[in-house]
Amino acid sequence: MTLEKTAAEARACTLCAAHLPLGPRPILRVSTTARLLITSQAPGTAAHVTGTPFNDPSGVRLRDWLGLTEDQFYDGTKLAILPMGLCYPGRLPQGGDLPPRPECAPLWHTRLLPLLPTIRLTLLVGTYAIAHTIGPGPMTNHVQNFRQHLPKYFPLPHPSWRTIGWAKRNPWFEEDVLPALKKEVTALFS
Ligand code: SF4
């Protein structure tokens with residue numbers, strides 16, 4: 001099965017439609033040439049409406065962390081995006097989005113990742129992507145120990161507004177992690 005066909009099947013997926021308040025709209029960006037992969041959480045409502053991932057303040061923050069312009073970030077020949085849940089999962093009663101649908105990554109990551117042979121570095125953005133790939137444990141510890149997972153993985157917090165306070169409490173993130181992250185990403189884009 002080619003990447004193109006498998007991605008088309010993923011975009012037509014309705015497996016967990018009964019659990020999705022806005023209905024299925026799988027959002028992914030994959031190519032056979034991308035060297036950087038972002039494995040994120042799940043699309044938010046803005047991405048659900050527009051079909052464009054990270055076109056919100058979280059995306060602005062993530063691009064700033066990576067040192068990428070919008071044009072670079074959305075250049076699908078260089079950067080792939082595959083969330084843990086491909087569709088918007090809905091809201092928690094207390095605020096914030098529900099977790100990515102649990103059936104999604106076992107179905108689509110399993111089929112799509114082997115079809116991305118040029119990926120050199122995967123950014124694990126948020127607790128769900130980190131736990132799925134690296135294993136359990138506090139997100140903060142995984143991010144602080146990011147060098148253990150290079151050159152294949154780079155764990156990161158989700159770039160939501162909540163990260164602003166977290167980064168203030170963990171100054172090593174801006175002092176140590178972000179410069180190293182920019183260096184890794186720049187090397188892949190050069
Ligand atoms: S969240 Fe994943 S499994 Fe559920 S409908 Fe969307 S693509 Fe299919």
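**Entry 1: the model.** I note at the outset that this is a predicted model.

**Entry 2: the ligand.** I started with where the ligand sits, and found it in the largest cavity. Which residues are around the ligand? I listed Cys13, Thr14, Leu15, Cys16, Leu20, Pro26, Leu86, Cys87, Cys104 and Trp108. Sorting this shell by class gave me nine nonpolar residues, one polar residue and no charged ones.

**Entry 3: the largest pocket.** Next I turned to the open pockets. The largest pocket holds about 900 Å³ of space. I counted 37 lining residues, and those closest to the centre are Gln41, Ser58, His158, Ser160 and Arg162. Which elements give two or more residues to this lining? They are helix H2 (45-50), helix H3 (57-66), helix H6 (127-133) and helix H8 (162-169). H8 provides the largest share, with four residues. By class, I get 19 nonpolar, 12 polar and six charged residues in the lining of the largest pocket.

**Entry 4: the second largest pocket.** For the second largest pocket I have a volume of about 200 Å³. Its lining has 13 residues, and Leu37, Leu113, Ile119, Thr122 and Tyr153 lie nearest the centre. Strand E1 (36-39), strand E3 (121-125) and H6 supply at least two lining residues each.

**Entry 5: salt bridges.** How many salt bridges does the structure hold? I found four, and I wrote up three of them.

- I looked at Glu9 and Arg111, whose side chains meet in a salt bridge at 2.7 Å, N to O. This pair links distant parts of the chain, with Glu9 in helix H1 (residues 3-11) and Arg111 in helix H5 (residues 104-112), 102 residues apart. Glu9 is partly exposed at a relative accessible area of 34%, and Arg111 is partly exposed at 31%.
- I then checked Arg101, which forms a salt bridge with Glu103; their closest N and O atoms are 3.0 Å apart. Glu103 is partly exposed, with a relative accessible area of 25%.
- I also looked at Arg147 and Asp176, whose side chains meet in a salt bridge at 3.1 Å, N to O. Here too the pair links distant parts of the chain, 29 residues apart: Arg147 is in the loop between helix H7 (139-144) and strand E4 (153-156), while Asp176 is in helix H9 (residues 172-189). My value for the relative accessible area of Asp176 is 29%, which makes Asp176 partly exposed.

**Entry 6: a cis peptide.** I went through the omega angles and picked out the bond between Leu150 and Pro151. That peptide bond is cis, with omega about 10°. Pro151 is in the loop between H7 and E4, the loop where I had already placed Arg147.

**Entry 7: a positive phi.** Last, I looked at Phe54, a residue other than glycine with a positive phi, near 55°. Where is Phe54 placed? I found Phe54 in the loop between H2 and H3. Is Phe54 buried or exposed? Phe54 counts as buried, because its relative accessibility is 10% and the cut-off for buried is under 20%.

Conventions. Residues numbered from 1 in each chain as written. Predicted model: local features only at pLDDT ≥ 70, side-chain atom pairs only at ≥ 80, totals over all residues. Heavy atoms only, no water. Near = heavy atom within 4 Å. 1 Å grid on protein atoms, 1.4 Å probe; cavity = no way out; pocket = protein on both sides within 12 Å on 5 of 7 lines; lining within 4 Å. Sits in = over half its atoms within 2 Å of the grid points. Nonpolar A, V, L, I, M, F, W, Y, C, P; charged D, E, K, R; others polar. Buried < 20%, exposed > 50% of the residue type's maximum accessible area, 1.4 Å probe, protein only. Points joined across faces, edges and corners; volume = space filled by probe spheres on them.
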